[in-house]
Amino acid sequence: MSRTLVAATAQLGPIAREEPRSSAVNRMIALLEKAHRRGAELVVFPELALTTFFPRWYIEDEADLDRFFETEMPGPETTPLFEAARRLGVGFYLGYAELVREGGVKRRFNTSIIVDRTGEIVGKYRKVHLPGHFNPEEWRPFQHLEKRYFEHGDLGFPVFDAMGGKLGMCLCNDRRWPETFRVLGLRGAELVMLGYNTPVHYPQAPEHDHLQDFHNHLSMQAGAYANGCWVIGTAKAGREEGCDLIGGSCIIAPTGEIIARTQGLGDEIAVAEIDLDRCSELRKNVFNFALHREPGDYGPICDGAEERAEARARITEESRFTARR
C-alpha cells in the first residue's frame with residue numbers, strides 16, 4: 001500500500017516590525033485554505049513565521065524583545081490557526097520564537113512544531129545551528145543576533161511518527177550542515193521540514209550574494225539525496241524592513257529533484273503529492289546505511305565537541321537576555 005501525502009510549502013512575504021500577529025496568522029490561514037482547496041494534507045510555514053525577523057536589530061530593552069516571543073502555543077493570537085487546521089483537517093509545520101521559564105530563568109529558543117490534522121501539537125524542535133553573532137557590529141548594514149537572542153536547541157534532532165510517516169524538522173541554518181540531515185536520516189526521517197529567513201546580502205562575503213539561492217537549494221537537495229528523504233523548505237521572502245530575503249520555497253524528492261517551487265517573493269504556495277515509500281529507492285540501494293556506511297572512519301566529525309560546549313557556555317553566561325529572576 002503506497003503512503004502518499006499531498007503537501008504544500010506556504011511561503012510568506014515580508015512581515016513588518018509592527019505588523020500584529022493577527023495579521024500574520026490571517027495570512028497563514030488564507031494559505032492553509034488555499035492549500036486545502038488544492039488537496040493538501042500538510043502545509044509547511046517559514047521560520048519565525050509570526051513576526052518580522054527581529055535578530056536583524058540590536059534590542060536593548062528586554063520587554064521590547066519579549067514581544068517577539070511566544071510564551072504559550074497555541075496562545076490567544078495563534079489559536080485561530082490551530083482551529084483552521086482542525087476545521088480543514090490539514091496538518092502544518094510552524095516556526096516561531098519560544099520563551100519559557102525554568103526555575104525562574106527565562107530561556108529563549110528558535111523553535112518549530114508539527115501540528116497534526118486534529119490541531120494537536122505532535123512534535124517540537126529547537127534550532128541547533130544558530131548563525132550570526134553575539135555582540136552588535138556597527139559595520140553591518142543589518143545585524144544577525146541569533147546567538148544573542150536564542151539558546152542552542154536542547155532537543156537534538158528528534159523524529160516523530162505523524163501524518164502516516166516519520167517526520168523530522170530543522171530550521172534555516174541547520175540545512176547548511178550535512179550532519180543535520182544525516183542524524184535525521186539515521187533516525188528514519190522520511191520527510192524533513194524546514195523554514196528559513198535568508199538575506200540576499202551576506203555581509204562577511206558579499207561576493208557570494210549571487211549564490212544565495214543556489215546554496216539554499218544545493219544544501220536541501222544534497223540532504224534529501226544523501227539520506228533518501230523528502231525535504232520541504234519554506235521561506236519568508238521579499239523586502240522586509242529594508243532587508244531583502246530570498247524565496248525559492250520548494251518540495252524536493254529523495255532523488256534530490258525539486259518537484260515543486262514558488263515563483264515569487266510574496267505569500268504563495270506550491271503543492272505536490274509525495275510518496276513516502278520512495279525513500280526506499282535510495283535507502284535500499286546507493287545509501288543503504290547498514291551495508292555501505294563506515295562510521296568507524298568518521299571520528300573527526302565529532303572532534304572538538306568539548307571545546308565547542310565550553311564556548312557555548314561562555315556565550316550563554318554573557319547573554320544579558322538569559323535573565324535570572
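Phe-54, Phe-68, Phe-69, Tyr-149 and Phe-150 come together as one aromatic cluster. Here, rings of Phe, Tyr and Trp (its six-membered ring) pair if their centres lie within 6.5 Å, with planes under 30 degrees apart called stacked, over 60 edge-to-face and the rest tilted. This is a predicted model, where local features need pLDDT of at least 70 and side-chain atom pairs count only at pLDDT 80 or more, while totals for chains, interfaces and linings use all residues. Residues are numbered from 1 along each chain as its sequence is written, and side-chain values use heavy atoms, leaving out hydrogens and water.

**Aromatic pairs**

- The count comes to nine aromatic pairs under that rule.
- Take Phe-69 and Phe-150: their ring centres are 5.8 Å apart and their planes sit at 55 degrees, so this pair is tilted.
- Phe-69 is in the loop between α2 (62-66) and α3 (79-88), and Phe-150 is in the loop between α4 (146-149) and β6 (159-162), so the pair ties together parts 81 residues apart in sequence. Helices (H or I, at least four residues) and strands (E, at least two) are DSSP runs, numbered from the N terminus.
- Buried means under 20% relative accessible area, exposed over 50%, and partly exposed in between (1.4 Å probe, protein chains only).
- Tyr-225 and Phe-287 make an edge-to-face pair, 5.0 Å centre to centre with 80 degrees between the planes.
- That pair links distant parts of the chain, with Tyr-225 in helix α6 (residues 212-227) and Phe-287 in the loop between α7 (280-283) and α8, 62 residues apart.
- Tyr-225 is partly exposed, with a relative accessible area of 36%.

**Salt bridges**

- Searching the whole structure turns up 28 salt bridges, each one a side-chain nitrogen of Lys or Arg within 4 Å of a carboxyl oxygen of Asp or Glu.
- Arg-56 bridges to Glu-240, with the closest N and O atoms 3.0 Å apart.
- Arg-56 comes from the loop between β2 (42-44) and α2, and Glu-240 from strand β10 (residues 238-240), so to speak a link between distant parts of the chain, 184 residues apart.
- Arg-56 is buried at 5% relative accessibility, and Glu-240 is buried too, at 0%.
- Asp-66 bridges to Lys-106, with 2.6 Å between the closest N and O atoms.
- Asp-66 lies in helix α2 and Lys-106 in strand β4 (residues 105-115), so this pair ties together parts 40 residues apart in sequence.
- Asp-66 is partly exposed at 22%, whereas Lys-106 is buried at 5%.
- Lys-166 pairs with Asp-161, the closest N and O atoms being 2.8 Å apart; Lys-166 is partly exposed at 34%, and Asp-161 is exposed at 62%.
- A network of salt bridges links Glu-98, Glu-102, Arg-107, Lys-124, Arg-126, Glu-151 and Asp-154.

**A negative patch**

- Asp-303, Glu-306, Glu-307 and Glu-310 gather in a patch of negative charge on the surface. Patch members have over 30% relative accessible area and no salt bridge, and like charges are joined within 9 Å.
- Asp-303 is found in the loop between α8 (289-292) and α9 (305-318).
- At 58% relative accessibility, Asp-303 counts as exposed.

Key
Patch = residues over 30% accessible without salt bridge, like charges linked within 9 Å, V, L, I, M, F, W, Y side chains within 5 Å. Areas by Shrake-Rupley, 256 points an atom, 1.4 Å probe, with all protein chains shown as cover. Lys, Arg positive; Asp, Glu negative; His and termini not counted. Charge placed at Lys NZ, Arg CZ, Asp CG, Glu CD.
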